[in-house]
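Please look over the sequence and the structure below before reading the notes that follow them.

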Amino acid sequence: MVDSARFTRKMRAMETEVHDKLTKAIERWADRVVAEMRAMLALSYPAVAAKVDIAWTWGNAPAGSITVGKVGRNEFDQMVVTVYAKAKSGSGISAAWFEFGTAPRVQKKTGRPTGRISGTSFFFGTYRSNRRRILSGLRSTLRRAVRNINAR
C-alpha cells in the first residue's frame, strides 16, 4: 500500500525542485548557444558583430528581432526560452540580412551592381547543431532531479 502523506510530500518537492533545476539548466544551455552564435558572427562578419545583439529571453522575443529558436511549450507553464538576434538601434543594418542574405543591388542611374550580402546561416545553424544536445541535457537534468527526490 502507498503511504499517501509521503507520496504527497514527494510530489510537492518534485514540483519545486524539478522546476528550479530545469530553469538553471535551460539558462546554462541558452548562454552556451548565444556565446557560440556570437563567435560565429565575429568570424564571418567582424565589423558587424558589434552592431548585432544576440541574446536569449524567457517567453517571446522583443519586437524587431528574428527568432532563431524556441525550446518549450506555452500550454501550462512559461518555460519557453527564445534565442533572438536584433540589430542595435541606429546601426542601419538588419540581423536578417546576414542570416538570409539580400538580393543583388544595382544603381538606378548606371545599372552597376553595388553588392549583395550572401546568406550565412550562423544563427539557425548553430541552434540546429545544438538542439539535440540541449534537449538530451534537459532530459538528463529532469531524470536526475526526479531520481534525487525518489531516493529520499
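**Briefing on the predicted model**

V106 is exposed, because its relative accessible area is 54% (exposed means over 50%, buried under 20% and partly exposed in between, with a 1.4 Å probe and protein chains only). This is a predicted model, in which local features need pLDDT of at least 70 and side-chain atom pairs count only at pLDDT 80 or more, while totals for chains, interfaces and linings use all residues. Residues are numbered from 1 along each chain as its sequence is written, and side-chain values use heavy atoms, with hydrogens and water left out.

**The chain as a whole**

- The protein chain has 3 helices and 5 strands, arranged along the sequence in the pattern α-β-β-β-α-β-β-α (helices are DSSP runs of H or I with at least four residues, strands are runs of E with at least two, and both are numbered from the N terminus).
- Of its 152 residues, 36% count as buried.
- The accessible surface of the protein chain comes to about 10100 Å², and 55% of that area belongs to carbon and sulfur atoms (areas come from the Shrake-Rupley method with a 1.4 Å probe, and for residues only the protein chains shown count as cover).
- Among the contacts in the protein chain with a separation of 6 or more, 57% are between residues 24 or more positions apart (contact means heavy atoms within 4.5 Å).

**Around V106**

- V106 belongs to strand β4, which covers residues 105-106.
- When neighbours within four places in sequence are left aside, V106 is in contact with G111, R112, P113 and T114.
- The C-alpha atoms of V106 and R116, which are 10 residues apart along the chain, are separated by 9.3 Å.

**Around T23**

- T23 lies in helix α1, which spans residues 4-44, and T23 counts as buried because its relative accessibility is 16%.
- The side chain of T23 reaches the backbone oxygen of H19 at 2.6 Å.
- Not counting residues up to four places away in sequence, T23 touches W58 and M79.

**Aromatic rings**

- W58, one of the residues that T23 touches, is partly exposed, because its relative accessible area is 30%.
- The count of aromatic pairs comes to 1 (rings of Phe, Tyr and Trp, the last by its six-membered ring, pair if their centres lie within 6.5 Å, and planes under 30 degrees apart count as stacked, over 60 as edge-to-face and the rest as tilted).
- W56 and W58 form an edge-to-face aromatic pair, at 5.8 Å centre to centre and with 80° between the planes.
- R32 lies over the face of W29, at 4.6 Å from the ring centre (a charge sits over a ring if NZ of Lys or CZ of Arg is within 6 Å of the ring centre and within 35 degrees of the ring normal).

Notes. A polar contact is a pair of N or O atoms within 3.5 Å; within protein, one must be able to donate a hydrogen and the other to accept it, and residues adjacent in sequence count only if both atoms are side-chain atoms.
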